[in-house]
Amino acid sequence: MNQPTLSNRQELPHILLASSSPFRRACLQKLQCPFECKNPDIDERPRPNEPVDQMTLRLGTEKALAVARHHPHSWVIGSDQSACFKGQALGKPLTHEKAFAQLKAFSGQTVTFYTSLALVTPHGRWEGLDQTDVHFRLLDERTINAYLQAEAPYHCAGSFKSEGLGITLFEGIDTHDPNALIGLPLIQLTGFLKAAGLALPIERSD
């Protein structure tokens with residue numbers, strides 16, 4: 001699909017991020033491209049026997065399409081993220097006790113994060129899925145409690161914030177894009193935007 005390249009700020013598309021997540025908003029701001037956020041308000045429940053990676057890809061696309069239906073002339077970015085441990089999807093712990101239990105189970109183990117990306121424009125659609133494997137070091141109870149008291153990551157799947165002190169829990173990370181773990185695969189998104197006709201970084205006119 002050949003599209004004209006947009007480089008002048010007056011020609012920029014109206015970009016919408018189909019998310020209310022402050023983490024995804026902060027990620028997208030790194031690209032220095034104007035955008036607005038819209039809550040996609042979709043049903044995010046998994047389907048029966050749906051694999052975690054397929055569910056994540058589906059939800060990211062559904063978020064983008066839900067917003068695009070109300071803004072058909074905009075370029076809409078959708079994303080979803082799920083954590084998976086030993087084949088099971090991880091929910092948000094919500095309480096200290098559940099977060100402690102999650103991190104204790106992760107000690108010396110690997111947790112996989114799937115982060116989907118969808119770009120929906122008036123002339124095309126692009127979809128992708130990033131996989132990041134987080135390897136945890138051996139965690140004792142003192143370390144777990146100290147971390148939870150410091151960051152209270154009770155609304156984060158996996159019970160940690162990789163952009164903060166959560167990094168102290170890791171032995172290593174295998175990823176194509178460190179932004180994906182925070183919530184938005186910017187390397188892949190840059191490629192999607194270029195394929196749609198928007199080359200980044202944006203040229204500045206003095």
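User: Hi! First thing: what does "buried" mean here?

Analyst: Hi! Buried means under 20% relative accessible area, and exposed means over 50%. Anything in between is called partly exposed. Keep in mind that this is a predicted model.

User: OK, so why does E50 count as buried?

Analyst: E50 has 17% relative accessibility, and the cut-off for buried is under 20%, so E50 counts as buried.

User: Where is E50, and what does its side chain pair up with?

Analyst: E50 is in the loop between strand 2 (36-37) and helix 2. A polar atom of its side chain is 2.9 Å from the backbone nitrogen of R47. Setting aside neighbours within four places in sequence, E50 also has M55 and R58 as contacts.

User: Is D41 buried or exposed?

Analyst: D41 is exposed, because its relative accessibility is 68%. You will find D41 in the loop between strand 2 and helix 2. Its phi is near 50 degrees, which is positive even though D41 isn't a glycine.

User: Which peptide bond is cis?

Analyst: The one from L200 to P201, where omega is near 0 degrees. P201 belongs to the segment after helix 6. In general, most peptide bonds are trans.

User: Switching topic: how long is helix 2?

Analyst: Helix 2 has 19 residues and spans 28 Å from its first C-alpha to its last. That is close to the 27 Å expected at 1.5 Å a residue.

User: And which of its residues are buried?

Analyst: Among them are V52, M55, T56, L59, G60, K63 and V67. The cover over the buried residues of helix 2 includes strand 1 (15-17), helix 1, strand 3, strand 4, strand 5 (110-121) and strand 6 (124-136).

User: What side chain does the backbone oxygen of T56 lie 2.7 Å from?

Analyst: That of S116: the distance is to a polar atom of its side chain. S116 is part of strand 5, and it counts as buried because its relative accessible area is 1%. Not counting residues up to four places away in sequence, S116 touches residues including T56, L57, G60, D80 and P185.

User: What about L186, which element is that in?

Analyst: L186 is in helix 6 (residues 186-196). It counts as buried because its relative accessibility is 6%. L186 and K30 are 156 residues apart in sequence, yet their C-alpha atoms are 8.6 Å apart in space. K30 is one of the residues L186 touches, and C27, L28 and D177 are on that list too.

User: Last topic, the largest pocket. What is its volume, and how many residues line it?

Analyst: The largest pocket has a volume of about 930 Å³, and 35 residues line it. R24, Q81, K92, H155 and A157 lie nearest its centre. By class, the lining has 17 nonpolar, 10 polar and eight charged residues.

User: Which element gives the most to the lining?

Analyst: Strand 3 does, with four residues. Elements supplying at least two residues each include helix 1 (22-29), helix 2 (52-70) and helix 5 (178-182).

Conventions
Residues numbered from 1 in each chain as written. Predicted model: local features only at pLDDT ≥ 70, side-chain atom pairs only at ≥ 80, totals over all residues. Heavy atoms only, no water. 1 Å grid on protein atoms, 1.4 Å probe; cavity = no way out; pocket = protein on both sides within 12 Å on 5 of 7 lines; lining within 4 Å. Points joined across faces, edges and corners; volume = space filled by probe spheres on them. Nonpolar A, V, L, I, M, F, W, Y, C, P; charged D, E, K, R; others polar. Expected span 1.5 Å × (residues − 1). Buried < 20%, exposed > 50% of the residue type's maximum accessible area, 1.4 Å probe, protein only. Contact = heavy atoms within 4.5 Å. Polar contact = N/O pair within 3.5 Å; in protein donor to acceptor, adjacent residues only side chain to side chain.
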